[in-house]
Amino acid sequence: MPAHDLSTRWQLKQEIEDFLFREAHILDEHRLHDWLDLFTEDAEYILPLREYVEGKVEPAGHPIIKDDKDMLRIRVAKDDTGYSHVEIPVSMTCHLISNVVVDASSDPDEVIALSAFTVRQARKLRDEAWWAGRREDVLRRVDGEWKIARRLVHLDNTVLPRGIAIFF
């Protein structure tokens, strides 16, 4: 591989890592409208149901979350109303993003970014949850900026609460 290709790939990886790390800060600062701006208008945010069974088996049923950008807006707007009792007061979160791998996509304006995450969530100063998993993002360059066109979240937690009120 020519040196300039390596340099370009390294620069792209740095750009994507910077984007993902900044997004984590935005989520931890609960700037959800800014977070929504990181998504394309045709974005998908999917959190599939995972089961731990022997063999490679497709998950049964619907995903836990399968949102388009409008549904993400509704989730964020719900928090704005003050009627989202699980988020009063707002959870304190810390998103740690690691193991970022950036691959080319068939679309020259998109890349596939794989990453791992750990999220600590403290709610109402008495509950604490730890979330871990992996993300598969399709990031698209729009007007010179990276945007999330698709996010697939694979939670590694074996027991989930009734509701998930934070974003990964």
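**Figure 1. Aromatic pairs in a predicted model.** This predicted model holds 6 aromatic pairs, where rings of Phe, Tyr and Trp (its six-membered ring) pair if their centres lie within 6.5 Å. A pair of aromatic rings is described by the distance of the centres and the angle of the planes. Take Trp35 and Phe39: their ring centres are 4.7 Å apart and their planes meet at 75 degrees, so this pair is edge-to-face. Trp35 and Phe39 are both buried, that is, under 20% relative accessible area with a 1.4 Å probe and protein chains only (exposed is over 50%, partly exposed in between). Together with Tyr45 and Phe167, they form one aromatic cluster. Residues are numbered from 1 along each chain as its sequence is written, and side-chain values use heavy atoms, with hydrogens and water left out. Because the model is predicted, local features need pLDDT of at least 70 and side-chain atom pairs count only at pLDDT 80 or more, while totals for chains, interfaces and linings use all residues.

**Figure 2. The largest nonpolar core.** A nonpolar core is a set of buried Ala, Val, Leu, Ile, Met, Phe, Trp, Tyr and Cys residues joined through side-chain atoms within 4.5 Å. Among the 34 residues here, Ile16, Trp35, Tyr45 and Phe168 touch the most other members. Elements that each supply at least two core residues include helix 1 (3–28), helix 3 (69–81) and strand 5 (127–142). Helix 1 gives the largest share, 6 residues. Helices (H or I, at least four residues) and strands (E, at least two) are DSSP runs, numbered from the N terminus.

**Figure 3. Around Tyr45.** Which residues does tyrosine 45 contact, leaving aside neighbours within four places in sequence? Among them are Trp35, Phe39, Leu72, Arg151 and Phe168, with contact meaning heavy atoms within 4.5 Å.

**Figure 4. The largest cavity.** On a 1 Å grid over the protein atoms alone, a cavity is a set of points where a 1.4 Å probe fits but cannot get out; lining residues have an atom within 4 Å of a point. The largest cavity holds about 100 Å³ of space, a volume being the space filled by probe spheres set on grid points joined across faces, edges and corners. Its lining includes Leu27, His30, Asp79, Glu87 and Phe167.

Note on methods
Rings of Phe, Tyr and Trp (its six-membered ring) pair if their centres lie within 6.5 Å; planes under 30 degrees apart count as stacked, over 60 as edge-to-face and the rest as tilted. On a 1 Å grid over the protein atoms alone, a cavity is a set of points where a 1.4 Å probe fits but cannot get out, and a pocket is an open set with protein on both sides within 12 Å along at least five of seven lines; lining residues have an atom within 4 Å of a point.
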